[in-house]
Amino acid sequence: MTAVQSETPRAEADSGYNFAYLDEQTKRMIRRAILKAVAIPGYQVPFASREMPMPYGWGTGGVQVTAAVIGSDDVLKVIDQGSDDTTNAVSIRSFFVRTTGVETTEKTRDATLIQTRHRVPETPLSEDQILVYQVPIPEPLRFLEPRETETRRMHALEDYGLMHVKLYEDIAHHGHIATTYAYPVKVAGRYVMDPSPTPKFDNPKMNHSPALQLFGAGREKRIYAIPPHTEVVSLDFEDHPFEVQQWDNACALCGATDSFLDEVIMDDAGKRMFVCSDSDYCEERRAAGHVGEEGVPL
Amino acid sequence: MYVAAKGGEKAIAGAHRLLAEERRGDPAVSEIGTDQISEQLGRAVDRVMTEGALFDRKLAALAIKQAAGDLIEAIFLIRAYRTTLPRFGYSEPLKVSDMRARRRISATFKDVPGGQVLGPTFDYTHRLLDFALEAEGGARDHSVELHSAATGDALHDDPGPMDPMPRVLDQLASEGMIEDSEAPAGDVVSPVGDITREPTEFPADRDVRLQTLARGDEGFLLAMGYSTQRGYGRTHPFAGEIRMGEVTVEFMPEELGFPIEIGEITITECEMVNQFKGTATEKPKFTRGYGLGFGHVERKAISMALVDRSLRCRDLGEEAGAPAQDEEFVLSHSDNVQATGFVEHLKLPHYVDFQSELELVRRMRAEFDAAQEAKEEIAKPEAAE
C-alpha cells in the first residue's frame, strides 16, 4: 500500500467517500500545515481550505483538521458549547461516524480526539488526547485592524502595542478589561493568539496542557496550534491581572462550583436555572453522587 | 445584428421569440407549472415575495417561471405589477408574538420557554448531493432522516399543541439588560414613513431604513452583514431569536372602526442582540438589530438585522467609518431592481456619448504628439552643440 492510497474504512462507514471524507493528498496538505503550526506555536499557518459539506462558520476548519488527524482506532468526542447533544455537535459527530466508522464517546476521559466549539472540557486532558477547536476568526488583531496585510506585518514585527492600548482603554473606560470570550493570549512568549470564542474561563486550561491543541479556521484558511506543555498567558497588566468569570450560583443539577455555568430561562416570569455547560462533567459528578439544588440523585 | 436594435422592431420581436423558446427549453420535457414552482421551489418564491415587496405566492411563482428562474428579473416583474395595485390603507402592526411558529431558535440561551424548535431547516444537513432525488418520483431524501435523528428529544419538531413562546428578548428587557423596543410612553411618535410614497432623504430614520433593507437584495445585505462580522464595523451580534411561521394580518376599515382579520402570511423574523458599551451617562446594555421578511427567508432576516444594527451607529454615538455603517452607501445600493437596471443599462447603445469621447481622446493624443515633437525640436540644436 502506498501512502496516497486510502486507509481501509470500517465496514459501517459510507463506502462512497474516502476515509474521513477528504482525499489523501488533501489530508497530507493539512497535516503539513499542522506540523508547521506545531513547530511555530500560536502562528497562523495559511492552508488551502476545502469546500466541505457543511457551511462556512459551522466548523469547516475544525472538521478538516479532525479529518486530517483521525485514524480508524481513534475514539471521537464532539462538543459544542460544552455539550455533546447540541445540534451542531450531533451533526458533526454523525458526519464522522458516516465517513470513518470510528467509535464515538461522550466521556472526555475515553476520547482520543475531541472536536470542540467554544469550550475546553472541564475534565483535565491527558497526553494521549488531541483537542481540535473550530475557529471563526483566527486573527486576534482583526477587530483592531481589518486588513490582513497589516496584521501579518504586525505579527512579524511582534508589534502588539495596539492590543495593549485596546486593553488599556477598556480599563480606562470600564475599570476592567471588557473582553469575556476570545480573550487574547500570548503563546510560548511570542505570538498573540485568538483562543477562538471560548469564554476566558477556559484560557487557564490551555496553559501547559498535556494535550495537543489544534485550531482550524476553514473560511479564513488558517491553522494554528499549541503544542503540549506550552506556556499560554492571557494578556493583562500588573495592576489589573487576568481574572476568570465567577458565578454566585452552583450547578442546579450537580452542585459544581468550579465549572462554567449556562443560564436557562425556565418561564416567562424570569425564573432561571444555572447548569454546567459541560454536560459530561455534570453527568460524571452526578454519577459520583453529587446533587445540586434542583437535581435528583442518579 | 446589434446595430439593428436602434429602432429595430423586427429584431426586438425576434429576440423575444428566441427568449420564449429558450425559456420553454426542450418541448419533449414537460412544462413546469406555477403550482410546482410554488410548492417545490418555495424558497425562491419567498425571496421573490420579500424583495418584490408583495405577498402573493401565485404571482411570485408565475414571475419565476416567466423569468426562467432569474430571481432578480422575477423580483422586477413583481415590483412592476405591485406598483399598479390600488392602495386601501395600512394594516395593523403584526402581532409577531402570537405567531404560529414552525421554527423558533435562540442562540443566546440553551433553553427558553416554548422550547427550541428546529422546524424545516437546511441547518445540520450534510451538503452531500442526494442522487436519489434525481430519479423520477423523487426518493425520500435521506437528509430528512438525518435531520430528525439530530433533533433528538429536546428539539421537538412535532407541530402538536404548542407551548406559548414569549419573546426571548423580552426576558432580557424585563431585567433592563436591553434597550426598549418601543418609544417610551409620552414620547412624540412620528408616523411611520413609506418609501413607496416618499423619496428617501438622508439622514434617514430607522423606519425608512428598515423598509429599505426589507426589500433590499439578499446578496448585498449578506455581504454587508458579513463585513461587520469580519471587522469592518463590528457589532458583537448574537441571534437572540429567529422565528418563522404564520401570523394574522388585521386591517381596520375606517367605516367599521375596529380591526378585522383579512388573512394570514408566513414571515421570518430575526431579533439580534448586540453589545453596547454605554456612555458617561448611560449604563452598558444590549442593543437590538431587527430583520423581517416574507416566507422562510432566514439568511435575509439575519443579514438585515446585522445591517440594521450597524446603521444605528449614529443614534448610539458609535465611531463610524466602515461601509456597513454608511447609511447613504447602504440604502442607496441595496435595491437590486435599481442596481440591475443601471448596471445593465450599459448594454444600451451609447454611440453618441462614445463618439464624443472618441473625438476627445483623438484630439488629446494629437496634442500630446505635437507637444512631444515640439520638445524634440528644441532639444535637437542643444544636442548638436
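**Close-up views of a predicted model**

**View 1. Helices H3(B) and H5(B) cross at roughly 45 degrees, and their axes come within 8 Å.** Here, as in every view below, you are looking at a predicted model. An angle of roughly 45 degrees makes H3(B) oblique to H5(B), because it falls in neither the parallel range under 35 degrees nor the perpendicular range of 65 to 115. The crossing of this pair is right-handed. From H3(B), which covers residues 42-52, the contact takes in Ala44(B), Arg47(B), Val48(B), Glu51(B) and Gly52(B). H5(B), residues 71-82, brings Leu71(B), Ala74(B), Ile75(B), Ile78(B), Arg79(B) and Arg82(B). Sorted by class, the contact of H3(B) with H5(B) holds 6 nonpolar, 1 polar and 4 charged residues.

**View 2. Helices H8(B) and H10(B) pack at an angle of about 150 degrees, with their axes 10 Å apart.** H8(B) runs over residues 206-214 and H10(B) over residues 298-311. The two are therefore roughly antiparallel to each other, a term that applies to angles over 145 degrees. Their crossing is right-handed. On the H8(B) side you will find Arg206(B), Arg209(B), Leu210(B), Leu213(B) and Ala214(B), which meet Lys300(B), Met304(B), Val307(B), Asp308(B) and Leu311(B) of H10(B). The residues of this contact divide into 6 nonpolar and 4 charged, with no polar ones.

**View 3. Helices H2(A) and H3(A) pack at about 30 degrees, with their axes 12 Å apart.** This view moves to chain A, where H2(A) covers residues 60-69 and H3(A) residues 87-100. The angle makes H2(A) roughly parallel to H3(A), since it is under 35 degrees. H2(A) passes H3(A) in a right-handed crossing. Look for Val63(A), Thr66(A) and Ala67(A) in H2(A), which meet Ile92(A), Phe95(A) and Phe96(A) in H3(A). By class, the contact of H2(A) with H3(A) has 5 nonpolar residues, 1 polar residue and no charged ones.

**View 4. Tyr43(A) and Tyr191(A) form a tilted aromatic pair.** Over all chains, the structure holds 13 aromatic pairs. In the pair shown here, the ring centres of Tyr43(A) and Tyr191(A) are 5.4 Å apart and the planes stand at 55 degrees, so the pair is tilted. Tyr43(A) sits in the loop between helix H1 (24-39) and strand S1 (45-46) of chain A, while Tyr191(A) belongs to strand S7 (residues 191-193) of chain A, so the pair ties together parts that are 148 residues apart in sequence.

View 5. As background, most residues other than glycine have a negative phi, and most peptide bonds are trans. Pro203(B) lies in the loop between helix H7 (168-174) and H8 of chain B.

**View 6. Helix H1 of chain B spans residues 9-24 and is followed by Gly25(B).** At 1.5 Å a residue, the 16 residues of H1(B) should span 22 Å, which agrees with the 23 Å between the end C-alpha atoms.

Key:
Residues numbered from 1 in each chain as written. Chains lettered and ligands numbered in written order. Predicted model: local features only at pLDDT ≥ 70, side-chain atom pairs only at ≥ 80, totals over all residues. Heavy atoms only, no water. Helix = DSSP H or I, 4+ residues; strand = E, 2+ residues; numbered from the N terminus. Expected span 1.5 Å × (residues − 1). Axes fitted to C-alpha atoms, helices over the stretch in contact; angles between N-to-C directions. Left-handed = near helix turned anticlockwise from the far one by under 90°. Contact = heavy atoms within 4.5 Å. Nonpolar A, V, L, I, M, F, W, Y, C, P; charged D, E, K, R; others polar. Phe/Tyr/Trp six-rings, centres within 6.5 Å; stacked < 30°, edge-to-face > 60°.
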